[in-house]
Protein chains: 2
Amino acid sequence: MHETRFVLAAGTTATAERDGISAAGADPAMVGTTPSADAELLTYGRPVRTETVPVSPEGCPTPALVTRAVRDRVGFDVTVVDAGVAEPTAAPTVSVGAKPGRDIAEQDTVPTAYGAFEAARQFGRALPNAELWLAETIPGGTTTALGVLRALGEDVMVSSSLPENPIERKRELVAEGLAASSLDAGDAAGQPKRALRRMGDPVLATLSGLTAGAVETDTAVTLAGGSQQLAVAALVRHGGYEGPLSLATTSYVAEDPTADLRAGADAFDLDLTVTDPGFDREDHVGMTRFVAGEAKEGVGMGGALALAERAGVPMAAVRESFADSYAQLLDG
Amino acid sequence: MHETRFVLAAGTTATAERDGISAAGADPAMVGTTPSADAELLTYGRPVRTETVPVSPEGCPTPALVTRAVRDRVGFDVTVVDAGVAEPTAAPTVSVGAKPGRDIAEQDTVPTAYGAFEAARQFGRALPNAELWLAETIPGGTTTALGVLRALGEDVMVSSSLPENPIERKRELVAEGLAASSLDAGDAAGQPKRALRRMGDPVLATLSGLTAGAVETDTAVTLAGGSQQLAVAALVRHGGYEGPLSLATTSYVAEDPTADLRAGADAFDLDLTVTDPGFDREDHVGMTRFVAGEAKEGVGMGGALALAERAGVPMAAVRESFADSYAQLLDG
């Protein structure tokens, strides 16, 4: 598996502190910790410097537990990029100069966007792997993804980590953000870095830079995730990159009727893989929250499931590993 | 192998800029780059942000190629700690607040020693692995190791990355350092952090902190290396830690008649493993430099060889992997 590298961009945006837009973390204070904890879970299999496993107010565990469960079975290499984490993490990270993002309604939302994009692009060019799977963890990230899509003029609705997608709330925030940036929808078409800086977040800047660099050097890229990865694809396409790109997500995002995952994948010419972990087949407290529509994606869950499928690991084995780490980390 | 984690502390000391004490890097300018390059070689199998594979003036490649060759066969997890690197590295790193060390003849040689020791100790306590193998890369490190040993009052001579150990030069530098620190030999006995700050380097501070934290939580620790790891053991013993500790090194260090590896291992109550890669059996330009006494150790080479032996991987297979990456990276 040395040909395959899974790269997690972990970061934060102050946009997540707005009420009612994210299910990441049982209380608002956890929102800043979740990316650092996710990075540790993926790297070490448990929290190290952070103290708790992120769980939503309704009891849904972070999708990092699913990705890690696959990693325990398949054994791929992981690299975490610091795309603006707010809390120190014990996971080793690569720096691209990203800092935590500001609120979407600020005029200059991501001051580090240009630098992070370029540093990530150089990193993506230099990585020796034959294929990269790119993942994200950033609470509030679907709102900034919608912001970027609107700035680019793409009419694609994003999904949500909440069972009820707060579409109106997101639209309001994006309208506020566009006004604060003196932009109309579509004003940043063909200008991905401008869209990132005015309306995005540091994870989107990092992932789109990584993708651009990898595509330039003919490295195969799979964007592992849902709406946020659609925004990454849109950014890369608006930057003039036309090479093949894949998107691997979960059935939870692909079947979310409030979002436009399949239409977006068509619009941005993505080779789409959708994987269902079969959580509805088990009577497990952690799995039922996913079935109820929480979380849906994150930390490359859909990509990890696709890697398991490709390696011939049955979903029942992935569910077993997930249940084991849930028991070890959350029942204790 | 998820129970085993190989942790590389990568850092620098201005002491390496002194003439005639290190073989790391073909020219003095490479001395600052070597730790970053070693971290990338161990992580990715080739340079990524750095541009060249470190090679001594006589043509000896970095021992990172040996450790990586074992990793290609055995597949252990690697974590790099930033113990004061001077050049950006594309390897993901854990921060413990260490900065590049100053020259040994400064009064305050390692201002970050206390903080790095404590942060590394907390990290060592928190790591979930059953066993840690600790490695180092820091040009000039045997001189600062001698400095620490003298400050602690331990009469143990260190080895060298040069075929002719510049013992007198090291003694002079250490005498200069002790004078600048207003210390006599033995004045820092029982005070490891004082010895580190006055006479050491940030890699020694990081590794002794990691070891202390791991020992406190009953994690098995193998110090992978030669003289510098003897200094780590001395620091940990002077800190009052009495638990079991192992040292795994190469036959090149163990058989160096100018140094006291075996006596030191006895003095600090270390379970010693010595492994010979059998480089004398091959007619290979990279291997003959090791046989001639260059490098001898570094980047956990001796520990990696011990891991190969434990896993039942023949040394001939390790030599083959080493020759493959040498051909790919240095003959090209």
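How are α3(A) and α6(A) oriented to each other: oblique or parallel? I will come to that after a word on the model.

This is a predicted model, where local features need pLDDT of at least 70, side-chain atom pairs count only at pLDDT 80 or more, and totals for chains, interfaces and linings use all residues. Residues are numbered from 1 along each chain as its sequence is written, chains are lettered from A and ligands numbered from 1 in the order written, and side-chain values use heavy atoms, without hydrogens and water.

Back to the helices. Helix α3 (residues 113-126) and helix α6 (residues 192-199) of chain A pack at about 130 degrees, axes 9 Å apart. Helices are DSSP runs of H or I, at least four residues, and strands are runs of E, at least two, numbered from the N terminus. Axes are lines fitted to C-alpha atoms, for helices over the stretch in contact, with angles from 0 to 180 degrees between N-to-C directions. α3(A) and α6(A) are therefore oblique; under 35 degrees is roughly parallel, over 145 roughly antiparallel, 65 to 115 roughly perpendicular, and the rest oblique. Among the residues in contact are Phe117(A) of α3(A) and Leu196(A) of α6(A), contact being heavy atoms within 4.5 Å.

Next, the interface. Here 23 residues of chain B are in contact with 23 residues of chain A. The buried area is about 1800 Å², with 53% from carbon and sulfur atoms; that is accessible area (1.4 Å probe) lost on putting two parts together, summed over both.

Over all chains, the count is 34 salt bridges. Arg18(A) and Glu176(A) form one, at 3.3 Å, N to O.

Definitions and conventions
Salt bridge = Lys/Arg side-chain N within 4 Å of Asp/Glu carboxyl O.
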